Amino acid sequence: MLSVRLQSRPRSKVALNLRVVRRATLSTWLPVPEIRHDKVETFRKTAFLPSLPAKVPIGTFQVIPAALKWFGESRNKFNSSYLGQFAGHMIPLELTRHLLPVDAKVNTISFQRAEAPFNIFLGWAAQANGDTPERLYVAQAPLNRLPKPLQDDLPTPELVATAGRGDVYDASVWLGVAPTYTPLHRDPNPNLYLQLAGRKVVRLLEPGFGQTVFAAVQAELGRQHSSKFRGEEMMKGEERRLLEAKIWLDKPAENQEKFAGLETTVEADEYLFIPTGWWHSVKSIGTGCTASVGEPRLWAAFLTLITLYL
């Protein structure tokens, strides 16, 4: 199985010592280790060098302005009076329609991507709930293409802003209303993922296990698509159904691949570090709005700091 071993040390020393062991097992989801310290040396030894996922819990960094300005007091709804100032700004939207099933074997999900004014999403989000059949999702909206005030609401945390470059590139924003879902995939770069509002469950597979699961899905579909270049096929149809079944059904069928992985629930103001090549799938839970930002720019700053210790 996949096991994460933690060794306690005095608080003045490095807090965690992680080792991952791989064995064939039934599908098992172990918790992502937490780094309860804002020192770069802790991050370097427990996450960066071994290339392991890690969660940075609430209170490690200061709350950023977006968390206070983009949502209502409870962070359950978007703050339309503030975000409405940017109603005409064009953003990337994903539209998923859950159609009425006619036959269990027929795909009941349609998927489209398009650029649309921000007010289209804000109007939908104001009345949407978990039962709304048509789902809109602001997915991978580049931070550097947002209006300047919204960019300013997402500054680099103080730890990296004062000691690293704090480069701004490739950061993206996701906005939606629960439930939301992202199928199994992997990113080309390491990432620091910040949850702004709502809660998301993230399941992760190390590169070898993830490739095995992906290859099994491709074999069932009778094709050999590259895992490096993913398109809309993973968002709809049989590929989406198979990927979801393999990752989110906790009682696999007799002939399903055996694997182990990591799982965590990311709360508002928490960070999740996802190393290069780790496969992951994400589901929001609860009700109300959900928002997050993927921060390769924070990774660049961390990398600058880490080189000081090498």
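This briefing describes salt bridges in the structure above. The structure is a predicted model, in which local features need pLDDT of at least 70 and side-chain atom pairs count only at pLDDT 80 or more, while totals for chains, interfaces and linings use all residues. Residues are numbered from 1 along each chain as its sequence is written, and side-chain values use heavy atoms, with hydrogens and water left out. With a salt bridge taken as a side-chain nitrogen of Lys or Arg within 4 Å of a carboxyl oxygen of Asp or Glu, the count comes to 14.

**Pairs between separate parts of the chain**

- Asp153 and Lys69 form a salt bridge with an N to O distance of 2.8 Å, and this pair links Asp153, in the loop between α5 (148-152) and α6 (158-163), to Lys69 in helix α2 (residues 65-69), 84 residues apart; helices (H or I, at least four residues) and strands (E, at least two) are DSSP runs, numbered from the N terminus.
- Asp153 is buried, at a relative accessible area of 2%, whereas Lys69 is partly exposed at 34%, where buried means under 20% relative accessible area, exposed over 50% and partly exposed in between (1.4 Å probe, protein chains only).
- Arg199 and Glu267 meet in a salt bridge at 3.1 Å, N to O, and because Arg199 lies in strand β11 (residues 199-205) and Glu267 in the loop between β12 (260-266) and β13 (271-274), the pair ties together parts that are 68 residues apart in sequence.

- Asp152 and Lys148 meet in a salt bridge at 2.8 Å, N to O, and both lie in helix α5, four residues apart, about one turn of the helix.
- Asp152 is partly exposed, with a relative accessible area of 42%, and Lys148 is exposed, with 52%.
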